[in-house]
Every structure is written in structure tokens, then in C-alpha cells.
Amino acid sequence: MSAPTLLCAVVFGAMLAVTVAAQPRRFKWVRRLKERDAGAWIPLWTFFAPNPGVNDTRILWREQLVGGASGPWHEMAPPHRSLVRAVWNPDNRVRKAVTDCAPLILRLVGTNRDSLLPMLSLPYLMIVQHMVGLPGSPLGRARQFAVVNTQGEDTEDAPFQLLMMSHWHRLAEDRE
Amino acid sequence: MRDDVKLLVDSVSGLAEEVATRVRLDQTPELLEVESAEPAPGLPGGSICVVSGKPEAALVREAGEAARHGDAVAVARALERFDADLRAAADEDREAADRLPPEKAFAELPSITAVSYRDKPLVEGLFVHPQVDAMYVNVPFAGGALEAEAFRASTYVREEEAPPVETLLIVRQPELSPLEQKALEQLPEAFDQVKVEASFLPIWAPIVVAAGVFLIGIAAGYELRQHEAIFHGDPEIKANRGSLSELVDEAELARRLEGLDPEATVKTLVELRASLMAEGKLR
């Protein structure tokens with residue numbers, strides 16, 4: 001092998017190795033190298049998301065009646081399958097808020113397990129505020145929400161997992 | 001003030017004044033559960049229909065009989081017939097009737113009924129009138145077990161010999177989606193504390209991707225590390241994914257949170273947050 005060939009093999013081989021190492025975006029030395037890469041010699045390919053979303057994070061809520069009985073669970077932003085959604089889809093904002101807020105609440109609760117602090121966070125307040133405004137009954141005393149993960153269609157044997165359940169939140173101070 | 005608004009104000013205050021001058025007769029209304037696989041628009045899933053009137057009134061008889069058979073569709077039909085008759089009667093009387101002031105109109109009512117559950121008002125102002133022998137009101141209901149004995153129908157009459165009034169509560173539980181049904185079966189009934197599960201559902205697609213990546217020798221542990229970091233606290237990843245960066249004074253916050261009721265209303269929570277932000281304890 002001639003010297004130029006060997007040089008090319010080393011240079012391009014190194015570029016290939018660094019390019020490959022840069023894709024996960026986890027190695028500090030690659031990040032440092034990339035910061036100095038003014039000519040964009042180390043490409044970052046983003047054809048695929050590193051964590052493709054295959055789970056659906058959904059929020060359910062239920063109502064506690066005066067007297068203490070709990071009602072069934074209701075989905076906060078149920079999916080609506082309709083062609084009309086292509087042109088008129090106002091519920092999309094609520095669903096987007098749910099999918100954005102739920103993971104944030106999970107993380108806050110996960111890192112503050114014995115604290116009520118997450119209850120003061122904006123995502124939690126947004127969800128509770130929306131929940132108490134949903135139609136219920138005049139007999140309701142309090143409401144509670146749960147964050148669950150599902151996968152695929154809602155069939156009987158489809159995966160379903162509880163991730164978090166909130167405290168009950170009274171609907172009003174004077175509605176005991 | 002517009003005439004219609006004034007009429008509303010007079011009516012609401014007039015009804016309360018009228019009820020205050022009457023004798024109250026309490027009874028336990030009949031609680032009936034109905035269901036149907038077919039749509040019943042007049043009595044949708046997740047509603048309580050309160051029917052009150054003379055026992056011989058068509059609405060009370062027909063709706064009661066249908067409800068005792070548990071047939072939501074037949075109840076909805078009875079309600080529909082009542083609505084049609086009421087509209088027809090109202091159209092006939094529209095031109096002939098001289099409008100009475102609310103206080104006089106209320107005084108003519110033989111009975112006015114209110115329904116409560118554990119002393120919490122459910123419906124008020126169901127009256128019997130010489131031309132309207134029964135009324136119904138549909139109220140939304142999120143579902144749950146109701147105790148028949150906890151309901152009370154209070155009928156306000158001028159004297160104890162007033163015509164008997166029968167009150168029915170026709171309950172149709174909400175229809176649940178497959179997900180809601182599954183939640184009802186799998187989620188704990190009595191659970192009121194925050195809990196986070198550490199594991200997620202199997203994520204097959206990333207596992208396949210990770211396996212492919214592993215084969216070419218790159219970032220074999222990436223998925224696992226990412227997963228571990230999110231759920232077990234890698235500070236670097238958490239910083240980008242919603243940590244409590246708004247927290248300013250942790251000790252002071254802990255002290256303030258000691259007095260916070262976990263069942264606080266959203267109003268209380270928002271007020272506490274606003275107050276902490278105003279004090280600079282929370283961003």
C-alpha cells in the first residue's frame with residue numbers, strides 16, 4: 001500500500017469513525033470536537049428519532065361523589081377518529097397539552113417523591129385546572145387524575161400501565 | 001336592564017321567596033337505573049333524569065314504567081313525547097295568555113320540588129302547575145354508585161293536603177370506552193396518593209434499533225443509558241426534561257408546603273403558587 005493510499009485510508013477512516021461516534025450525541029469528546037468543527041466535517045444525521053414514540057401517554061380522571069363513592073375513569077382527551085379532523089380539529093390543542101404536560105408531571109413527581117411541590121408546577125396546575133372544568137355532576141366532591149401508558153389500539157390485551165395517580169382535589173372549598 | 005334579564009332575576013328571587021313561605025314535605029324518591037346498547041339522545045350515557053309531578057301524569061307514568069324495566073330508549077321516548085306535548089301546548093297558549101308577574105305565577109303553583117343528595121342540591125324548582133302536571137330535568141353525571149336512601153325530594157306546598165307529588169331519579173351510567181373500561185378493572189379503587197412506576201412498557205422499536213446499532217458496534221448501551229437516566233435521575237438529562245429549575249428557596253418552600261392540604265382545590269394551589277412567585281421563592 002502506497003503512502004498516499006494509507007494516508008487517505010487513515011484520514012477518511014478516522015472521519016468515518018468520528019461521524020459514527022457523533023450520531024448518538026453522548027460522547028463528550030465528540031461534542032468538543034464538533035464544537036470546533038467550523039467546516040461541518042463531522043455530519044450529524046437525523047433521519048430517525050433516537051427514541052421513536054411507540055407509547056401513548058394518556059390522562060384519565062374520575063370523580064368522587066359526596067359520600068365518598070368513586071366514579072369510573074374517563075379519558076381527559078380521548079382520540080377522535082374522523083376525516084373531519086383534517087380540516088377541523090380544535091381538540092388537538094388539548095391533546096397536545098396532555099402529551100406535553102403528562103411526562104413533565106411524571107418527572108417532577110419522580111424526583112420529588114415525598115413532596116407536594118409538583119402540585120405547584122405549571123404542568124400539574126394546567127392538568128388539574130382542565131380536569132375540574134370538565135363536565136361532571138352536581139354531586140361531585142373531588143376529582144383525581146391518573147397518567148397511564150398504552151400501546152397500540154385499545155384492545156383487551158393491549159399493554160396498559162399506570163404511571164402515576166394524583167391526590168384527590170376538591171372541586172370547591174365549601175362543597176363538602 | 002333588559003326585560004328578559006329582569007324577568008330572570010325576578011323569577012329566581014321570586015322562587016326562593018315563595019319556597020320560604022311554604023311547608024316542606026320530604027320523601028325518598030325512587031332511584032331507577034337504566035341502560036341501553038342503542039343510542040338514546042334524550043337520556044345520554046352519564047346523566048340523571050329527575051322526573052317530578054302528579055303520580056297520574058303521563059310523563060311520570062310512562063317514564064317510570066320504562067325505567068322500572070331498565071330501558072333507557074323507552075325512557076327517552078317518554079321524555080320526547082312530553083317535550084312535544086309541552087311545545088304544542090305552549091304554541092296554543094302563546095297569544096291568549098296574559099303574562100303574570102313572577103310572584104303571582106309562583107303563588108299559583110300547588111307544589112315546588114327540590115331534590116338533594118346528602119343535603120347537596122341536585123335540582124330545584126320542579127313544579128306542578130294546573131297546565132303542567134309534571135316536569136323533568138337532565139343533569140350530567142360522571143358515574144359512580146349512588147345510595148338511594150341518601151336522596152331526598154323536598155316538596156314545598158301551601159298546605160299539607162296538597163296534591164301528592166311523585167319524584168323519580170332515572171340514572172344512566174356513562175358509557176365507557178375500552179380504555180376507560182380497562183382502567184376501571186385494573187386501576188385500584190381506593191388510591192389517593194401520588195405514585196410513579198419505574199418501568200415503562202416494552203419499547204420494541206428502540207430495542208430493534210439498538211440491536212442494529214449494536215451490530216455495527218456503535219453506542220450499544222445508548223438506549224439503556226438513556227432509559228436509566230430518565231427514570232433514575234441523570235442530572236444532565238433531567239436538566240433538559242423538566243426538572244424543578246423554577247425552584248429558588250427550597251427550605252422556605254418545604255416549610256410552606258407543610259401546611260398544604262394534599263386535597264387542595266386548584267384555586268388554593270394557584271394562589272399559593274402566585275404568592276410564592278410574588279415573594280421570589282418560586283420562578
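**Sheets, a helix and a cavity**

Analyst: Strand β4 (residues 111–117) of chain B is joined to β5(B) by six bridges, and the two run antiparallel. Strands (E, at least two residues) and helices (H or I, at least four) are DSSP runs numbered from the N terminus. This is a predicted model: local features need pLDDT of at least 70, side-chain atom pairs count only at pLDDT 80 or more, and totals for chains, interfaces and linings use all residues. Residues are numbered from 1 along each chain as its sequence is written, chains are lettered from A and ligands numbered from 1 in the order in which they are written, and side-chain values use heavy atoms, with hydrogens and water left out.

User: What is the bridge partner of V115(B) in β5(B)?

Analyst: V123(B).

User: Which sheet has β4 and β5 in its order?

Analyst: An open sheet of four strands in chain B, ordered β1-β7-β4-β5, with antiparallel pairing. Its edge strands are β1 (23–27) and β5 (120–128) of chain B, each pairing on one side only. Two strands pair if DSSP finds at least two bridges between them. Neighbouring strands are turned by 20° against each other on average, direction ignored.

User: Where does A153(B) lie?

Analyst: In strand β7 (residues 151–157) of chain B. A153(B) is buried, with a relative accessible area of 0%; buried means under 20% relative accessible area, with a 1.4 Å probe and protein chains only.

User: OK, other sheet. What is the order with mixed pairing?

Analyst: β2-β8-β3-β6 in chain B, again an open sheet of four strands. β2 (30–34) and β6 (134–140) of chain B are at the edges with a single partner strand each, so one side of each has no neighbour in the sheet. The twist from one strand to the next averages 20°.

User: How many bridges join β3(B) to β6(B)?

Analyst: Seven, and β3 (residues 47–53) runs antiparallel to β6(B). In β6(B), V51(B) has Y136(B) as its bridge partner, and G53(B) has A134(B). β3(B) is also joined by seven bridges to strand β8 (residues 166–172) of chain B, antiparallel as well. There, C49(B) stands opposite I170(B).

User: Is β3(B) mostly covered or open?

Analyst: Mostly covered: seven of its seven residues are buried. On one side these are S47(B), C49(B), V51(B) and G53(B), and on the other I48(B), V50(B) and S52(B).

User: Now the helix. Which residues of α2 in chain B are buried?

Analyst: In α2 (residues 58–68), L59(B), V60(B), A63(B), G64(B), A66(B) and A67(B). They are on the same side of α2(B) because they cover an arc of only 165° around the axis. Just after α2(B), G70(B) takes a positive phi of about 75°.

User: How many cavities of 30 Å³ or more?

Analyst: One. A cavity is a set of points on a 1 Å grid over the protein atoms alone where a 1.4 Å probe fits but cannot get out, and lining residues have an atom within 4 Å of a point. The largest cavity holds about 30 Å³ of space.

User: What lines the largest cavity?

Analyst: T150(A), Q151(A), E153(A), D154(A), A158(A), P159(A), F160(A), L179(B) and K182(B). By class, that lining has four nonpolar, two polar and three charged residues.

Methods. Buried means under 20% relative accessible area, exposed over 50%, partly exposed in between (1.4 Å probe, protein chains only). The arc is that of the directions from the helix axis to the C-beta atoms. On a 1 Å grid over the protein atoms alone, a cavity is a set of points where a 1.4 Å probe fits but cannot get out, and a pocket is an open set with protein on both sides within 12 Å along at least five of seven lines; lining residues have an atom within 4 Å of a point. Grid points are joined across faces, edges and corners, and a volume is the space filled by probe spheres set on the points. Ala, Val, Leu, Ile, Met, Phe, Trp, Tyr, Cys and Pro count as nonpolar, Asp, Glu, Lys and Arg as charged, and the others, Gly among them, as polar. Axes are lines fitted to C-alpha atoms, for helices over the stretch in contact, and angles run from 0 to 180 degrees between N-to-C directions.
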